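User: I have a structure open and a few things to ask about it. Can we go through it piece by piece?

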Amino acid sequence: MDLFYLFRLKLQSIMFTRLYLHIPFCQRKCDYCSFVSMQANQHSIEDYVVTLLEEMRLVRATYGAGDGIDSIYFGGGTPSQLSPHQIARLLEQSSLLFKWKARPEITLEANPGTVDAQRLADFHAAGINRLSLGVQSFDNQLLSRLGRIHTEQQVVNTVSAARMAGFDNLGIDLIHSLPGQTLDMWRSDLARALQCETDHISIYGLTIEEGTPFALRYTEESPLLADEDLSAAMFETADTLLTAAGYEHYEIANYARHGFRSRHNSGYWKRDGYLGLGIAAHSLLRDETCDVRFSTTSDLDEYTTAINGGILPHHDTISLSREEAMAEFMYLGLRLKEGIEFREFESNFGCSPLKIYAATFDLLSRAGLLTVDKTSIKLTLRGMLLSNQVFSRFLP
Amino acid sequence: MDISRLRNFSIIAHIDHGKSTLADRLLEYTGTLSDREKQNQFLDKMDLERERGITIKAQTVRLKYRADDGKDYILNLIDTPGHVDFTYEVSRSLAACEGGLLVVDASQGVEAQTLANVYLALDINLEVFPVLNKIDLPAAEPERVIQEIEEIIGIDAHDAVLASAKEGIGTHEILEEIIKKIPPPKGDSQAPLKALLFDSWYDQYQGVIILVRLFDGILKKGDKIQLMATNSSFEALKVGVFAPVMVEVPQLTAGEVGFVIAGIKDVADAKVGDTVTLLHRQCEKPLEGFKEVQPMVFSGLYPIDTVQYEQLRDALAKLKLNDSSFSFEPETSVALGFGFRCGFLGLLHMEIIQERLEREFGLDLITTAPTVVYRVHRVTGEVLTIESANQLPELHHVDYLEEPFILAHIHVPNDFVGGVLSLCEDKRGIQREIKYLTPTRVMIIYELPLNEIVLDFYDRLKSITKGYASLDYEHLDYRRSELVRMNVMINGDIVDALSLIIHREKAYFRGRDLVAKMKELIPRQMFEVAIQAAIGNKIIARETVKAMRKDVLAKCYGGDITRKRKLLEKQKEGKKRMKNVGNVELPQEAFLAILKVD
């Protein structure tokens, strides 16, 4: 950790309310995935958990107990590769070291087909109260093309097993614009998703990331890849079908039944402070005077050695300027359905966004990407589809 | 120095045939270039020249050589620029010589560029003898190439020197041939000074440096000199030679080559081809052949970022210091803002200047399509010249227009004759002659409108002939022509920087191809973008760039906002390289789209 920022952040007043724990292990890495993950045996997973526990102690000593933890998120990788007992130990440790709010949201990402009813019940008993299933598609052919290890039937089974295990907050992830996927195929994926009657649905368009097997397999000209128009149609179809089924399109990529928004992810958009633990985890720490972002090394050996030596291996530490913080406030806040309340911006930065961004608001609302009223601005559906165009205009 | 021991010569060669390497060998062999000074291709100084393997500014160097006859000679190697745009400069450099080495690649044979320069040399009665270079290459065919030289150029080549500049083969023979074959200069050192100014450039410490060849008289330090064409006089502050670095000498006498520094501030006052004489003892009449060089090709240069305007102006002024053939004037475009209309000798000259501006001065520029100088005959009988479509008066004021024609010599292997002929016809050419130089090599001679050449002729010629064609041209005359102004409209607004003057018969196809190419080049935007080509009020072509539909990031992983921000920043950077015209963001290439249509 850069000492400079330590001095700037006042230890006693550092705000964070969310914890993210990165579990970088997968049975098999999916062909489109560029995130940090690796194969592991039980032994190395246990070593990692031990290091995580140690990191928690170091973090507590460095940044304090936080501001009342409202959510904890086990992401990956495949965090369901941890045993329920390991999850329980991590949660217990965190409840001892950090102040918890009453009943925080505790999410575990899990892959269908890797967890049976008993294991799910044990996770629930260990304290997990929200499950996010990486379904991606219900089409077996597309699933195998993605390099996923599960089938449609396993998804259906896992969803009902999760309900039986007591999960009353259940979400799935879907990906559209898959190679070879037509609009009809996507409609049928959405219909199958609705039949699962989950509480939360995340929807992403596939992007081909450099360095993945997909990048080698599908070049930009590949006829199998959805073009811009098809991809946009898929986004719009999801909005139409899921909204009609009673889901709220509460964020660009997320839908939820009433009361089931992801508190953890919403916190990213509202710029709540969060602490990332484990390799390649990201953090935002704030106090009254400054906002600091940093990430933990993505090298497992470096991570382990540093933590065992009592050092937090944090990289890319940046203290945001006021202009950068304002830009973030805009382009993160606009991701949410409610958009941005002018009052809230003013209370953060002491000035009205209408003054600062008048020309941008004007341009973007004339292009039909933003709606501006007396108290707030928000993205239109088209604005969500073209959100990069909107967001990049707020950069300092 | 005894005038009989002087030799002034040039090396005439096609690009890549090894002129610079040979020059290096001569410098080395005569001990002119010490190891310390050795640097590949000493004569080509600028990086750009080295990269492109061509000489832009001529250099000259004095070699001392003790010949096999036991006598010491002074050889002045006068370098020549190697491109069609600089024919006049080449002719002046050659005029400073008595002879030339014709260097021909022993595998490639004679090329059009070589021919053009050989003819320039033969026209002024230089003694030219051939050297076959790259004789060490397996593909070398000296017999065939010797025959080709004799057939095409008509000079005796049976005793051509076989050389490899790279391997140092034949260097001694070349030096001996120079002594034997090239006559010493003639001149009367008692007569009034008469010297040819054959090159000049600006040096930031010493001002303008001029290179001269003395035909008569003596030039000493302290002499008051007179430049006859510009009618200006200066004091010779330094007189010297390049050996190869600058060395001052007490005086230069008839027949010699050297430099003069005379406190000249502006290269425009030291015009290539001018005659240098003494102010108080002038020669009777100047040397023949002086011409004012005029820019032939014009284009607009605009900074993408308007804050670079001042920088661009300073950079242009700096380049102009060294290049009087290049001109610039402030110009304003509705679409592009403040910039400059720049005049060049030709396309290569234009490219070189643009590249130097971007590379040496770190500027991001938008270049508008090159245009030639048209003559407008107004109904009032008045004639004006215009160098931009936007200077064309309203049609009802115009009686007729004239455009410049050139005489093009295209040299190709016979397999490509058909393709080249149809290209020339397509470019409104008038056939003059098709000469079979050998059974396999053909010289095609066409009269062509320069306006077709400056667009994409050269690139298309190269692609039709797989790179085997070479082109050389000279200016002919102005001819009356059915020309119209074609405008391009983006979302209904005329973008002045895209307007073109074009032949009426070509307008429809050009317009259609142009908007189609622009559609490819303009990325989808928040709004639909309509691209139209129009002549007057008549729309002749239209394409639409559909509005962008989707531009959204994938999953945000574990709160990694930094990754998102970097992507957005990259996008913003990309926008900075675009020019806003109204609400539309146009990439740099869109302004040169006309050069990219097939």
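User: Which side chain meets D426(B) in a salt bridge?

Analyst: That is R460(B), with 3.4 Å from N to O. Bear in mind that this is a predicted model.

User: Where do R460(B) and D426(B) lie?

Analyst: R460(B) is in helix 10 of chain B, residues 450-464, and D426(B) is in helix 9 of chain B, residues 417-426. The pair therefore ties together parts that are 34 residues apart in sequence.

User: And how many salt bridges does the structure hold over all chains?

Analyst: The count over all chains is 59. As background, side chains of opposite charge can pair when their charged atoms come close.

User: Now the interface. How many residues of chain B are in contact with chain A?

Analyst: On the chain B side there are 30, in contact with 48 residues of chain A. The area buried between the two chains is about 3700 Å², and carbon and sulfur atoms give 55% of that area.

User: Which residues in chain B lose the most area to chain A?

Analyst: M526(B), R549(B) and Y557(B) do. Together they make up 23% of what the chain B side buries.

User: How many salt bridges and polar contacts run across the interface of chain B and chain A?

Analyst: The rule finds 6 salt bridges there. It also finds 18 residue pairs in polar contact, both residues being at pLDDT 80 or more. One salt bridge to look at is between the side chains of K546(B) and D229(A), at 3.2 Å from N to O.

User: Which part of chain B gives the largest share of the side that touches chain A?

Analyst: Helix 12 of chain B, residues 561-576, with 10 residues. By class, that whole side of chain B has 14 charged, 11 nonpolar and 5 polar residues.

User: Over to chain A. How do the axes of helix 3 and helix 4 of chain A cross?

Analyst: They cross at roughly 10 degrees and come within 9 Å. Helix 3 covers residues 84-97 and helix 4 covers residues 117-126. The angle makes the two helices of chain A roughly parallel.

User: Which residues make the contact?

Analyst: P84(A), I87(A), A88(A) and L91(A) come from helix 3, while R119(A), D122(A), F123(A) and A126(A) come from helix 4. That divides into 6 nonpolar, 2 charged and no polar residues.

User: Last topic, the backbone. Is the peptide bond from G76(A) to G77(A) cis or trans?

Analyst: The bond is cis, with omega near 15 degrees. G77(A) sits in the loop between strand 2 (69-76) and helix 3 of chain A.

User: What is the phi of R271(A)?

Analyst: R271(A) has a positive phi of about 60 degrees, although it is not a glycine. Its place is in the loop between helix 10 (263-269) and strand 9 (274-277) of chain A. In general, most residues other than glycine have a negative phi, and most peptide bonds are trans.

Key. Residues are numbered from 1 along each chain as its sequence is written. Chains are lettered from A and ligands numbered from 1 in the order in which they are written. This is a predicted model: local features need pLDDT of at least 70, side-chain atom pairs count only at pLDDT 80 or more; totals for chains, interfaces and linings use all residues. Side-chain values use heavy atoms; hydrogens and water are left out. Contact means heavy atoms within 4.5 Å. Buried area is the accessible area (1.4 Å probe) that two parts lose on being put together, summed over both. A salt bridge is a side-chain nitrogen of Lys or Arg within 4 Å of a carboxyl oxygen of Asp or Glu. A polar contact is a pair of N or O atoms within 3.5 Å; within protein, one must be able to donate a hydrogen and the other to accept it, and residues adjacent in sequence count only if both atoms are side-chain atoms. Helices (H or I, at least four residues) and strands (E, at least two) are DSSP runs, numbered from the N terminus. Ala, Val, Leu, Ile, Met, Phe, Trp, Tyr, Cys and Pro count as nonpolar, Asp, Glu, Lys and Arg as charged, and the others, Gly among them, as polar. Axes are lines fitted to C-alpha atoms, for helices over the stretch in contact, and angles run from 0 to 180 degrees between N-to-C directions. Angles under 35 degrees count as roughly parallel, over 145 as roughly antiparallel, 65 to 115 as roughly perpendicular and the rest as oblique.
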